[in-house]
Amino acid sequence: MQKNSFLLKKNAIRIDQDKTSDIAITSYLIQRPNNTLLGFPISLAVYNIGNPDYDSIHQQKITNFINRNNLFTKILSKKQTLKLLNKKRSINNWFLTTGEAPVILEPKKTTRTADNLRTHFFNHGYFDASVKTIVIKDLKTANVTYEITKNKPYYLGDITYKIASKAIDSTLSKHKNHIPLKKGDQYNLTNFTKALSEITTTLRNNGFYHFSEGLISFRNIDTLAQNHITSVEINIDNRKIKKEDKIVELPTEIQTIKKISVFTDYSYNNRNNPYDVKKTYRFIDFYAHHKLKHKLKTLNNSIFIQPNQIYSDKNVELTRNHLRSLNNFKSVKITHKELSDNTLSTTIVLTPQKKYGIGLNTEIIHSNIKNLGLSGGFSFVNRNLFRGAEMFQLSLQGSIFDTATKVSGEESRDFDAFEVGIDASLEFPKFIFPFLGNIIPRTMTPKTKITIGTSFQKNIGLDKQKVSGIIDYNWKSSTKNTHTFEILNLQFINNLNPESYYTIYSSEYTKIETIQPLVGAYDLTTENARNFIESVPSSFGDTYPDEYTTLQNIGKREDIITSNNIIPATSYSFEHNSRKGLSDTNYNYFKTRISSSGNTTSFLYQEKDEQPVFEDIVISQFVKLDLDFRKFWSTTNNNSIALRTFMGIAIPTGKTKEIPFITSYFAGGSNDIRAWKTYELGPGSSNSGLEFNIGNLKLLSSLEYRFKVINSIHGAVFIDAGNIWNLPSSTTASEEEIFRGIKSLENIAVGSGFGVRYDFNFLVLRLDWAFKTYEPYLEKNKWFSNYRINDSVLNIGINYPF
């Protein structure tokens with residue numbers, strides 16, 4: 001550092017003597033101390049390893065090399081020496097760019113920060129606010145404190161209007177209650193900004209095409225009022241234009257749409273070619289080169305602007321968004337031209353996408369079950385299949401990955417699991433059942449999607465084939481809220497390797513081996529283990545009741561996991577996301593899904609062994625509810641807090657006492673309770689040692705503090721809590737696995753740890769090191785008994801866990 005310069009060590013803001021860390025206030029700080037990790041400025045330390053003046057040193061070394069004035073440069077060749085010198089400069093530059101330059105206190109920036117803070121409080125009604133800056137210097141560091149005294153706030157008095165246009169006055173008089181300026185409210189510039197937007201939006205949605213915020217002004221605001229109450233006059237002028245050398249004032253009037261022209265197949269290459277096809281549908285003219293490729297009814301359904309309708313920004317934006325949502329057009333351009341009779345002529349220019357599209361994709365994949373892998377796929381798209389903007393898509397996807405839970409029995413290799421699947425989908429830009437169209441308006445962009453597909457999994461459990469057929473409706477009731485109603489989600493689950501059950505679930509076989517000598521001589525193998533269970537007489541239970549029950553439960557679990565299932569589900573899901581964009585770090589997310597399988601269509605099935613079946617395949621019957629809530633806060637520009645809470649329950653219905661393996665819940669994994677591996681935890685306080693522990697009730701909550709370490713490296717500390725349980729109706733669960741109300745909450749497991757994340761911009765590579773903090777299955781010393789490296793779990797993940 002230069003002489004008489006000071007490293008900024010700390011900022012503090014006090015409002016009426018109270019310290020604040022509110023990001024809305026601290027965001028005005030122009031200078032901030034260097035980032036620290038546990039109090040140590042690691043980014044500054046890295047920067048200090050480099051030398052900001054190294055370029056001049058490097059140039060001097062180049063000069064010395066040219067002069068060959070030392071033995072070292074004479075030994076190496078010219079090429080070697082230049083390469084070595086450039087390498088040293090590159091290393092030096094790496095330290096400078098990776099690290100963070102020292103933040104040197106600049107009085108001008110301190111003054112600007114104080115001015116910004118004063119302006120902030122002035123804009124919130126504290127016209128007499130003062131900001132005092134206190135700088136405490138110590139050797140080479142400085143601490144800055146901003147002492148803010150708000151004083152008494154100012155309030156709004158009478159609010160009056162001065163409007164030049166009678167038409168605007170008449171329209172606005174019907175909407176004044178929606179303008180966020182009320183007598184008695186504290187002065188707040190934000191409300192004035194909202195009032196500008198509200199007035200402009202209201203008028204532009206009611207026919208005033210030329211109206212803009214620049215025509216509005218707020219007058220008579222007294223910032224020195226003795227009683228701290230100021231009146232406000234809202235002034236709205238007429239539009240002024242330059243005509244020849246004069247400024248002419250034009251009365252602002254309501255304008256209507258007289259004519260609408262839609263050019264359906266514009267492209268740059270044919271921009272000069274005449275449109276030789278014209279058709280009129282519901283008073284809208286549609287143009288095309290040679291042939292209209294879309295049904296006029298389909299395009300008309302996406303147009304919310306109508307002839308003889310007053311101009312409305314809302315309808316223009318609805319039209320633009322609806323046409324884009326068809327995914328048939330690369331661009332949608334809407335313009336308006338003023339006619340001599342003060343009406344408007346609207347032109348919609350559509351640039352279509354290519355009818356056929358082929359795509360190839362590869363990506364790194366990661367989930368709780370798929371630890372790390374690589375996937376690739378091929379897709380074919382046919383747009384406007386039936387001329388109604390339908391989208392047909394055929395997708396072939398394959399992946400190879402390392403499973404989070406290794407199957408037992410034989411040596412498992414890394415990346416020995418794979419999955420391949422093919423799907424075909426057809427999407428309609430409407431509900432295909434007409435009566436639903438009367439319930440959900442077209443402004444909510446309703447869509448119907450029909451999907452059929454099949455997939456194969458290898459080395460995940462018993463290996464599976466899944467065949468599915470889905471019919472779902474999707475619509476958006478607002479920019480934040482999305483609804484999905486699956487009329488049918490039909491799945492057929494076919495286990496391809498059921499004979500390997502006791503090889504894969506070796507812990508079950510071990511239990512049988514332990515009990516077998518009590519039964520008598522038997523040449524037990526993994527292949528005949530089920531025959532052994534069935535051969536054990538009921539009289540064995542008179543002598544060994546616990547062992548007999550264990551054998552029966554093992555057999556029941558095998559039936560549940562190895563049985564093939566048909567799942568004919570119907571579901572509704574609602575999703576709310578308040579995030580306004582990628583830069584928004586203060587938002588919440590909520591999703592709920594309720595589904596029912598095999599309950600409304602039970603009359604279609606036969607019954608066998610007290611279970612509904614179709615062609616001897618069991619029909620799954622259950623009701624399932626999932627709730628997922630997430631909240632994100634920014635504490636500073638680089639630090640944030642993230643909270644996730646999940647609750648799910650699946651209740652067997654009818655005569656079924658269990659739910660299918662595929663719809664069950666599990667705990668553990670890199671996106672779950674990270675101190676336990678996938679499927680390792682639960683149910684309840686049990687420690688069964690099973691390879692795949694599942695339940696039909698799940699509670700999960702995670703809290704993370706995320707912070708920047710240096711450059712693209714970020715860190716996190718986290719705590720996860722949760723578990724899975726079985727419901728009392730389960731026929732295979734032990735007492736310790738059953739959820740018995742509030743008392744069972746003492747079996748919630750807790751894990752904690754820290755993580756390092758590297759942001760590549762297009763993805764985030766994540767390493768989370770988690771430690772078992774509270775283990776409900778231990779008989780005593782449940783807290784921190786295994787809080788050590790040997791029992792920790794290192795999770796590798798792609799992107800954030802939630």
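Let's start with L765, which lies in strand β32 (helices, H or I with at least four residues, and strands, E with at least two, are DSSP runs numbered from the N terminus). This is a predicted model, where local features need pLDDT of at least 70 and side-chain atom pairs count only at pLDDT 80 or more, while totals for chains, interfaces and linings use all residues. Residues are numbered from 1 along each chain as its sequence is written, and side-chain values use heavy atoms, with hydrogens and water left out.

L765 is partly exposed, with a relative accessible area of 35% (partly exposed sits between buried, under 20%, and exposed, over 50%, with a 1.4 Å probe and protein chains only). Two or more patch residues come from each of β31 (749–759), β32 (764–774) and β33 (793–798).

Five strands form an open sheet in the order β11-β12-β10-β14-β13, with mixed pairing (a pair needs at least two DSSP bridges). β11 (277–281) and β13 (329–338) stand at the edges with a single partner strand each, so one side of each has no neighbour in the sheet. β13 runs antiparallel to β14 (residues 344–352), joined by nine bridges, and F329 stands opposite P352 in β14.
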